[in-house]
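Student: I would like to learn how to read helix packing and ligand contacts in a model. Where do we start?

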Amino acid sequence: MSHTKNLSDLFYLFDIDVSAVENMRKHFHEEMLRGLSGQTSSLKMLPAFVTRSQGKESGHFLAIDLGGTNLRVLLATLDGMGNSVVDTVKKVTLSRNIMQGTTEELFDFIALCVSEFLNENDISKNVNYHLGFTFSFPVEQISVNSGKLIQWTKGFSIKDGINEDAVILLNKAFKRRQLNNIQISALVNDTVGTLMEESYSNSNCDMGVILGTGTNACYLEKTENIKKLQIHFSKPTMVIDMEWGDFNGYNGTSYDTILDETSINPGEQIFEKMVSGMYLGELSRLIICDMINKKFLFNIIVSHAFTRNGFLETEDMALVAADNTDSLAKTEEFLVKAGITDSTIYDRKTLKEIFFIVSKRAARIAAAAVVSVVLWMDPLLTKKHLIAVDGTVFAKYPLFKQNMEDLLSEYLKDKKHLINLTHTKDGSGKGAAITAAVAYNILRTNAKN
Ligand code: BGC
């Protein structure tokens, strides 16, 4: 692990070749096994108490999506033939106060938004609704609609809530707002929602991945392999929320170490800090500062914007990455806004190259993680696997998907066509509604028997 001297050093430092993928796969499988058997592991392997959707669920369902910088409330309709549509949605940005306040403040805010949503859309408070609650944090579930929060991630640093049941907290907030017509039927991780959403219309889908503000994946496991499971689950397969953001089996660079040490959760979410939108900007900023200090970049002696922690967002990187003008005019515009008015074309090209190197590593290790999970499910890779992926980094970052595909081709060679990455939109919304429907059906069946 060392700092870079120049761009080609940086390239090698951030490279991940086929042998590194093989190494990572081995680590992944060891950690998966440990996680499934209840031993300490950087992969928590959390049972979701739900299996894949059959595409036959139908009705109107509410969903709440919490886990990034926005909160969404929505009403979705499932037609029972593999089609799900969002009828109406309300989206609000979460303030820093809410993300760093108390659970009571957070859940009261959610209940307020739900109440406003019902009023704004003339949805009667006398008709009962089932709701899927996408709560995209690590949760130890004991059923499909209850689970205790293990830790806050992605910039949420709420002072309490650890070990508390997210569904109970939400129910209490609903009661305080007199929202008595809503039954929370499913507590859903966003990866699980994404898998549910895709599998509603496509039975090849056996994995859900989020590459957005944070990163994580879930997949379909044989129930008999979940050795730590102490509660009876009647289906032969169950979705496992891996919480791969916490995986610690891939060694980063000294920039990764600095990023981790200066973050609000040092030592945690190490993989997430190399891959997800919350961190790629900051990681690039650290490299840029190092290059400025070594006088490889920009003619700056005075203090500059890049010295400010958090100054560079992954969105800015995406903007530069998409700048295909000869003079890199959009990059120049961005730099001028940052107070750097005299950048040369060399500076701008170097900046673009740094962003490329950082985002390419993110895409390649994300793909290495995907292939590791698929080879766990299907060691000889004998059948097709559709991987449902959502999140702004995957959907919007230039070449991200391509870089993932390249790694899969290099590693799998002529078997690459067996793994397909598809962009599944709105798993946290529609997928949560579908999960609520699946859970409601299970409840109904159990009640009849
Ligand atoms: C959370 C996961 C979530 C992922 C993507 C991570 O920080 O721990 O539960 O699925 O972000 O939103």
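Tutor: Start with the classes of angle: under 35 degrees counts as roughly parallel, over 145 as roughly antiparallel, 65 to 115 as roughly perpendicular, and the rest as oblique. Keep in mind that this is a predicted model.

Student: At what angle do α12 and α14 pack, and how far apart are their axes?

Tutor: Helix α12 (residues 345-377) and helix α14 (residues 400-412) pack at about 50 degrees, their axes being 8 Å apart. The two helices are therefore oblique to each other. Their crossing is right-handed. On the α12 side the contact residues include Phe356, Val370 and Leu375, and on the α14 side Phe400, Met404 and Leu408 are among them. By class, the contact has 15 nonpolar, two polar and three charged residues.

Student: Is the crossing of α10 and α12 left-handed or right-handed?

Tutor: The crossing of α10 and α12 is left-handed. Helix α10 (residues 314-321) packs with α12 at an angle of about 115 degrees, and the axes are 9 Å apart. Here Met317, Val320 and Ala321 of α10 meet Lys352, Phe355 and Val358 of α12. This contact comprises five nonpolar residues, no polar ones and one charged.

Student: Turning to the ligand, which residues come nearest?

Tutor: Of the 14 residues around the ligand, the nearest are Thr153, Asn189, Asp190, Glu243 and Glu272. For polar contacts, look at pairs of N or O atoms within 3.5 Å. A polar side-chain atom of Asp190 is 2.5 Å from a ligand oxygen atom, and one of Glu243 is 2.7 Å from a ligand oxygen atom.

Student: What part of Phe137 lies 3.4 Å from an oxygen atom of the ligand?

Tutor: In Phe137 it is a polar backbone atom.

Terms used:
Residues numbered from 1 in each chain as written. Predicted model: local features only at pLDDT ≥ 70, side-chain atom pairs only at ≥ 80, totals over all residues. Heavy atoms only, no water. Axes fitted to C-alpha atoms, helices over the stretch in contact; angles between N-to-C directions. Helix = DSSP H or I, 4+ residues; strand = E, 2+ residues; numbered from the N terminus. Left-handed = near helix turned anticlockwise from the far one by under 90°. Contact = heavy atoms within 4.5 Å. Nonpolar A, V, L, I, M, F, W, Y, C, P; charged D, E, K, R; others polar. Near = heavy atom within 4 Å. Polar contact = N/O pair within 3.5 Å; in protein donor to acceptor, adjacent residues only side chain to side chain.
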